[in-house]
Amino acid sequence: MAEGILEINDGSFETEVIQSDKPVLVDFWAPWCGPCKAIAPIMEELVGDFGDKLKFTKFNVDDSPVTPGKYGIRAIPTLILFKDGEISEQIVGMVAKSKLEESINKIL
Amino acid sequence: MSQVDYDLVIIGGGPAGLTAGLYAARAKLNVLLVEKIVPGGQILVTDWIENYPGFPEGLSGADLVLKMSEQVKKFGLNIETHEVISVDFSQAVKTVRVSDKAITCHTVIIATGASPKKLGVPGEDIFFGKGVSFCATCDAPFYKDCIVAAVGGGDTAVQESMYLTKFVKKVYLIHRRDQLRAAAILQERAFKNEKIDFIWDSVVTDIIGGLTNVEKVAVKNVKSGETRELVVDGCFVWVGIEPNTQFLTNDVSMDKYGFILADLNMETSAPGVYAAGDVRNTPLRQVVTAVGDAAIAAFSAQHYIESL
């Protein structure tokens, strides 16, 4: 697990995401997902740039199926940006760093 | 010539682009690889590769690309993340335009690959990632014990549908003709698979659902004109691929589908511009053929530069 990225699950989702004071990025992933592995370096770079203002989390959909079901997630990677417990943006599939920076800047 | 940024710019970071980069870096060319997102390409979604020589146990697409990336790093290949917007191949010094700059170079290798074709029906974009998928190996585990629709009749459609049946209760395989195009051995296996229900002579006209999920697909029989709705939890689309050539206009010659035409040296209609991998008009699209193309393209680029 990369430094600055918090591993969360069905049990901690409410506390760490919905009730978070800071905006949160949730990276829904699974070990069998190639594109999830491929975008991991982008996440690590973004932690360096935005880690003080945005909470970065990773959510393993294999271990915790309830939350992904609730948000209608049927493909990974899916990245969701939460602000005040509400979805600000949901991004499906591989995405360029510049696009993510744009989305993050919108909610900060 | 000192004002030219690079000897070679490679567009695309899949197996073809990385291989071209490997050869060019080892040949000590001044080379830049431009990739839109991260190195990988379509192969990232291939769960298991058994036909890439040298890996008798097989390996995942993601692991193969990771190894290729490590290898190019070892030889110091320069990689930048940009989406190419347009190119100009009309002069001896070529220009590749990205969002914030224009890069000049003597040669270009286009290795941008291909992407799955869309159906172009209502609901397809809205439900992408929420019930609409182009990749069973990525998304099938989300459909445990569900009923899904699959569209297509080629090798990919049949192979991926069979992969789906490891997870789902039932697959409606919807094909616009009355027979499959897939290889005979795949057809044989599919017809034996009790979880696959074939819907012949039919097309999907609409993907219908609630706020976050797919509930139904509307299907039309192209012979009788009859329409009906199938209750499904998802819709997988495998109706072919299209080349990633949006940044090209009339810069190089292409076939009627937009795949780039190249000669034995992988040179396109523009001198000093080469094509490699899935983006090329080629009879086979595999990792082995892509890397073969790329080695030839890099070799040709090197000769072109040496002759300047």
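Q: How many residues of chain A are in contact with chain B?
A: This is a predicted model, in which local features need pLDDT of at least 70, side-chain atom pairs count only at pLDDT 80 or more, and totals for chains, interfaces and linings use all residues. Residues are numbered from 1 along each chain as its sequence is written, with chains lettered from A and ligands numbered from 1 in the order in which they are written. Two residues are in contact if their C-beta atoms, placed from the backbone, lie within 7 Å. Here, 20 residues of chain A touch 23 residues of chain B.

Q: Which helix of chain A gives the most to that side?
A: Helix α2 (residues 34-50) of chain A, with seven residues. Helices are DSSP runs of H or I, at least four residues; strands are runs of E, at least two.

Q: How is the packing of two helices described?
A: By the angle between their axes and the distance between the axes. Axes are lines fitted to C-alpha atoms, over the stretch in contact for helices, and angles run from 0 to 180 degrees between N-to-C directions. In chain B, α1 (residues 15-26) and α6 (residues 287-306) pack at about 35 degrees, with axes 8 Å apart. Among the residues making the contact are Ala20(B) of α1(B) and Phe299(B) of α6(B).

Q: Which residues of helix α4 of chain B are buried?
A: A residue is buried if 20 or more other C-beta atoms, placed from the backbone, lie within 10 Å of its own. In α4 (residues 155-164) of chain B, these are Ala157(B), Val158(B), Glu160(B), Ser161(B) and Leu164(B). Their cover includes β9 (147-151) and α5 (184-192) of chain B.

Conventions:
Buried ≥ 20, exposed ≤ 12 C-beta atoms within 10 Å, placed from the backbone.
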